[in-house]
Amino acid sequence: MLPDLTQYLWILWLALAVLFVIIELLTLEFTFLMLAAGTLIGGLGTNLLGGPWWLQIGLAAIASALLLFTIRPLLLRALHRSSPVVLTNVDALVGMPARVTRAFVQGAGEVKLDNGETWTARLSAGVTDAQASVGQSVSVIAVRGAAVEVAPEPRPSTERTVEHD
């Protein structure tokens, strides 16, 4: 006769937990780690205590869900607490140096940012076209849609101060 396959369910629970741990090592998001813990606690634990297969599956699902919605957010918060905030995309452009590539006419021109991107630019309020000539260094003040608002960088003083004894 065929053996009762439910007596070998512990192998399935253990293999499933190992598979979840391997997937977790590839994703590093704590999702599959919570599923692995749920299968070990709910599935394998209930199996070793002699529970029926349907109870094993139910407790594994409940344990995994509880871990996913309680422990995982705490772990992610603790992991990201020490990492510095890194500005990306448009937020990273504010404060970036640039060079004027097309002369400003009525406050509109073109600049090439230090990251290599060329943007349509608008001069900041109070800055005249003559203050931002081609080749001059400017700095991004803000991003306004598809254009950046720029202001000339202060030029270093060329005067020398001579100290007298």
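Ala 108 is partly exposed, at 24% relative accessible area. Partly exposed falls between buried, under 20%, and exposed, over 50%, with a 1.4 Å probe and protein chains only. This is a predicted model: local features need pLDDT of at least 70, side-chain atom pairs count only at pLDDT 80 or more, and totals for chains, interfaces and linings use all residues. Residues are numbered from 1 along each chain as its sequence is written, and side-chain values use heavy atoms, with hydrogens and water left out.

Ala 108 belongs to strand E2, residues 108–113. Beyond its neighbours within four places in sequence, Ala 108 contacts Ala 103, Ala 121 and Arg 122. A contact here means heavy atoms within 4.5 Å. Ala 60 is another matter. It is 48 residues from Ala 108 in sequence, and their C-alpha atoms are 63 Å apart.

Now the whole chain. It holds 3 helices and 5 strands. These are DSSP runs numbered from the N terminus: helices are H or I with at least four residues, strands are E with at least two. From the N terminus the order is α-α-α-β-β-β-β-β. The radius of gyration is 31 Å, well over the 15 Å that the globule rule gives for 165 residues, so the chain is more spread out than a compact globule. That radius is taken over C-alpha atoms, and the rule is 2.2 Å times the number of residues to the power 0.38. Along the principal axes, the C-alpha atoms fill a box of roughly 100 × 50 × 25 Å.

How much of the chain is buried? Of the 165 residues, 29% count as buried. The accessible surface comes to about 11500 Å², and 65% of it belongs to carbon and sulfur atoms. Areas come from the Shrake-Rupley method with a 1.4 Å probe; for residues, only the protein chains shown count as cover. Among contacts between residues at least 6 apart in sequence, 51% join residues at least 24 apart.

Turn to the helices. Leu 5, Tyr 8, Trp 10, Ile 11, Leu 14, Leu 40, Ile 41 and Leu 48 make a nonpolar surface patch of about 820 Å². Patches are made of residues with over 30% relative accessible area and no salt bridge; like charges are joined within 9 Å, nonpolar side chains (Val, Leu, Ile, Met, Phe, Trp, Tyr) within 5 Å. Helix H1 (9–27) and helix H2 (31–48) each supply at least two of the patch residues. Ile 11 sits in H1 and is partly exposed, at 41% relative accessible area.

The loop between H1 and H2 holds Leu 28. Its phi is near 55 degrees, a positive value in a residue other than glycine. Leu 28 is exposed, at 59%. Glu 29, partly exposed at 40% relative accessible area, forms a salt bridge with Arg 72 (3.5 Å, N to O). Arg 72 lies in helix H3 (residues 53–81) and Glu 29 in the loop between H1 and H2, so the pair ties together parts that are 43 residues apart in sequence. A salt bridge is a side-chain nitrogen of Lys or Arg within 4 Å of a carboxyl oxygen of Asp or Glu. The whole structure has 3 of them.

Where do nonpolar side chains tend to go in soluble globular proteins? They tend to be buried together. Here, the largest nonpolar core has 16 residues. Such a core is a set of buried Ala, Val, Leu, Ile, Met, Phe, Trp, Tyr and Cys residues joined through side-chain atoms within 4.5 Å. Phe 104, Val 111, Leu 113, Trp 119, Val 148 and Val 150 have the most contacts inside it. Strand E1 (97–105), E2, strand E3 (118–123), strand E4 (137–144) and E5 each supply at least two core residues. Leu 113 touches Leu 93, Met 96, Pro 97, Ala 98, Trp 119 and Val 140, not counting residues up to four places away in sequence.

Between E1 and E2 comes the loop with Gln 106. Gln 106 is not a glycine, yet its phi is positive, about 55 degrees. It is exposed, at 75% relative accessibility. Glu 110 and Arg 102 meet in a salt bridge at 2.8 Å, N to O. Glu 110 is partly exposed at 21%, and Arg 102 is partly exposed at 49%.

Glu 149 lies in strand E5, residues 147–152. Is Glu 149 buried or exposed? It counts as buried, at 15% relative accessibility. Its salt-bridge partner is Arg 144, with the closest N and O atoms 3.0 Å apart. Arg 144 is exposed, at 54%. Leaving aside neighbours within four places in sequence, the contacts of Glu 149 include Arg 122, Ser 139 and Ile 141.
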